[in-house]
Amino acid sequence: PEGTPIIAARGGVVLKTENEQSGRGSDPSGNFVRVQHDDGTQGVYLHLKQGSLSVRDGQRVAVGSPLALSGNTGNSSGPHLHLVVQQSTEAGLVSIPYEFNQPVGTLPNFALGN
């Protein structure tokens with residue numbers, strides 16, 4: 001649901017943020033946080049709630065650090081978190097596949113307080 005806490009899946013340095021978009025806005029990503037991980041990949045957290053970001057560009061974050069609240073901004077048909085992991089290549093940023101360490105059903109559900 002909108003307002004669910006979003007935390008860093010991996011540590012790194014916040015490269016870029018957007019926090020001012022309301023509704024669909026002009027950017028399909030909506031409000032977002034882009035984190036550069038130590039292995040060179042980047043995690044991008046998209047469609048965040050306007051004004052909810054709790055990090056700034058250049059800030060180092062650890063696993064579990066609060067980033068923002070879930071929202072419904074940009075090209076979004078409902079509140080959700082769109083998480084992308086990307087790698088920089090000669091062709092530009094490319095999405096790469098990833099797996100969670102645990103089955104999704106066993107991950108914490110912050111909306112339910114666990």
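Visitor: Which residue of E4 does Asn 31 stand opposite?

Guide: Strands of a sheet pair through backbone hydrogen bonds, in either a parallel or an antiparallel sense. In this predicted model, Asn 31 stands opposite Leu 48 in E4. The pairing of E3 with E4 is antiparallel and extends over six bridges.

Visitor: What is the order of the strands in the open sheet?

Guide: The order is E5-E2-E3-E4-E7-E8, an open sheet of six strands with antiparallel pairing. Its edges are strand E5, residues 60–61, and strand E8, residues 92–95, each of which pairs on one side only.

Visitor: How many bridges join E2 to E3, and how many join E2 to E5?

Guide: Five bridges join E2 to E3, and these strands run antiparallel. Strand E2, which covers residues 12–18, also pairs with E5 in the antiparallel sense, over two bridges. Val 13 illustrates both pairings: Arg 60 stands opposite Val 13 in E5, and Gln 36 is the bridge partner of Val 13 in E3.

Visitor: How many helices and how many strands does the protein chain have?

Guide: There are zero helices and eight strands in the protein chain. Read along the sequence, the pattern is accordingly β-β-β-β-β-β-β-β.

Visitor: Which residues make up the largest nonpolar core?

Guide: In soluble globular proteins, nonpolar side chains tend to be buried together. Here the largest nonpolar core has 12 residues: Ile 6, Ala 8, Val 14, Val 33, Val 35, Tyr 45, Leu 48, Leu 53, Val 55, Val 61, Leu 67 and Ala 68. At least two residues of this core come from each of strand E3 (31–36), strand E4 (41–48) and strand E6 (66–69). Leu 48, the residue opposite Asn 31, is itself a member of the core.

Visitor: Which residues does Val 55 touch, if those up to four places away in sequence are not counted?

Guide: Val 55 touches Val 14, Thr 17, Val 33, Val 61, Pro 66 and Leu 67.

Visitor: What share of the contacts with a separation of 6 or more involves residues 24 or more positions apart?

Guide: In the protein chain, such residues account for 59% of the contacts with a separation of 6 or more.

Visitor: What part of the protein chain is buried, and what is its accessible surface?

Guide: Of the 114 residues in the protein chain, 34% are buried. The accessible surface comes to about 6600 Å², and carbon and sulfur atoms contribute 52% of that surface.

Conventions
Residues numbered from 1 in each chain as written. Predicted model: local features only at pLDDT ≥ 70, side-chain atom pairs only at ≥ 80, totals over all residues. Heavy atoms only, no water. Core = buried A, V, L, I, M, F, W, Y, C linked by side-chain atoms within 4.5 Å. Buried < 20%, exposed > 50% of the residue type's maximum accessible area, 1.4 Å probe, protein only. Helix = DSSP H or I, 4+ residues; strand = E, 2+ residues; numbered from the N terminus. Contact = heavy atoms within 4.5 Å. Pairing = 2+ DSSP bridges. Areas by Shrake-Rupley, 256 points an atom, 1.4 Å probe, with all protein chains shown as cover.
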